[in-house]
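Dear colleague,

I am passing on a structure that I have been reading through, and I would be glad if you kept it open beside this email. My notes come after it.

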Amino acid sequence: MPSQAETVIAVNVIGFVLAMLLIWAIVVAGAVFLGLCVYNDARYRQNPNAGLWGVLSGFFSIAALIYLIVTLTTKDQPRRCVRCGNFLPSSYPGYPGYPGYNVPGGEFCPFCGQPAPFLHPAEAELYARRRKRYLILWIGSMILAVVLAVVLAVASAAMSIMAMTPFMAMTPFAY
Ligand SMILES: [Zn+2]
């Protein structure tokens, strides 16, 4: 039969491990949210490497920072056809914004001839919405993980002090 003290210690250890697992799961979920946020931002900006940036940012948060710096420091590139990837000429109707999407002569890509070479405004709005949603989820999960880690640290310290108290009371130094 385990003593009462042993039971208390076992419960504390199990609680600590479960809390650590919970924090780890939240951090992993946060990494996924960050990757999805970067992916949707890259899709919104018609970055041809959206998938790569998303996956890299999910595995290494530093990649999201590099992506952010690259995106902010890169001048607006000529728009690419979303179907074939060729750069559209600056004389292209509606260049460089979306308003020309339905301008006569702007319905087809001059390279591949496919319709709607621009990202459809509704599609762009969808990516922008998802980007915002995953950004909020990422920030929320990071805050939650930090708060839980602090609570766990404080609880562990309090448990340690409480566990030590009877022993301290038994030593002559306590008097
Ligand atoms: Zn094209």
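Predicted model: local features only at pLDDT ≥ 70, side-chain atom pairs only at ≥ 80, totals over all residues.

Residues are numbered from 1 along each chain as its sequence is written.

The protein has 4 helices and 0 strands, and along the sequence the pattern reads α-α-α-α; here helices (H or I, at least four residues) and strands (E, at least two) are DSSP runs, numbered from the N terminus. Of the 175 residues, 18% count as buried, where a residue is buried if 20 or more other C-beta atoms lie within 10 Å of its own, exposed if 12 or fewer, and partly exposed in between, with C-beta atoms placed from the backbone.

How do two packed helices get described? By the angle between their axes and the distance between the axes. For helix α1 (residues 4-44) and helix α3 (residues 61-73), the axes come within 10 Å and cross at roughly 25°; the axes are lines fitted to C-alpha atoms, for helices over the stretch in contact, and angles run from 0 to 180 degrees between N-to-C directions. The two helices are therefore roughly parallel to each other, a term for angles under 35 degrees, with those over 145 counted as roughly antiparallel, 65 to 115 as roughly perpendicular and the rest as oblique. Ala31, Leu34 and Val38 of α1 make the contact with Ser61, Ala64 and Tyr67 of α3, where two residues are in contact if their C-beta atoms, placed from the backbone, lie within 7 Å.

The largest nonpolar core has 12 residues in all, among them Leu34, Val38, Tyr39, Trp53, Ala64 and Tyr67; such a core is a set of buried Ala, Val, Leu, Ile, Met, Phe, Trp, Tyr and Cys residues joined through C-beta atoms within 7 Å. The elements giving two or more residues to this core are α1, α3 and α4 (121-170), and α1 gives the most, with 7 residues. Leaving aside neighbours within four places in sequence, Tyr39 is in contact with Ala50, Gly51, Trp53 and Gly54.

Finally, Gln46 lies in the loop between α1 and α2 (50-59). Its phi is near 60°, a positive value in a residue other than glycine, and with 17 C-beta neighbours inside 10 Å, Gln46 counts as partly exposed.

With best wishes
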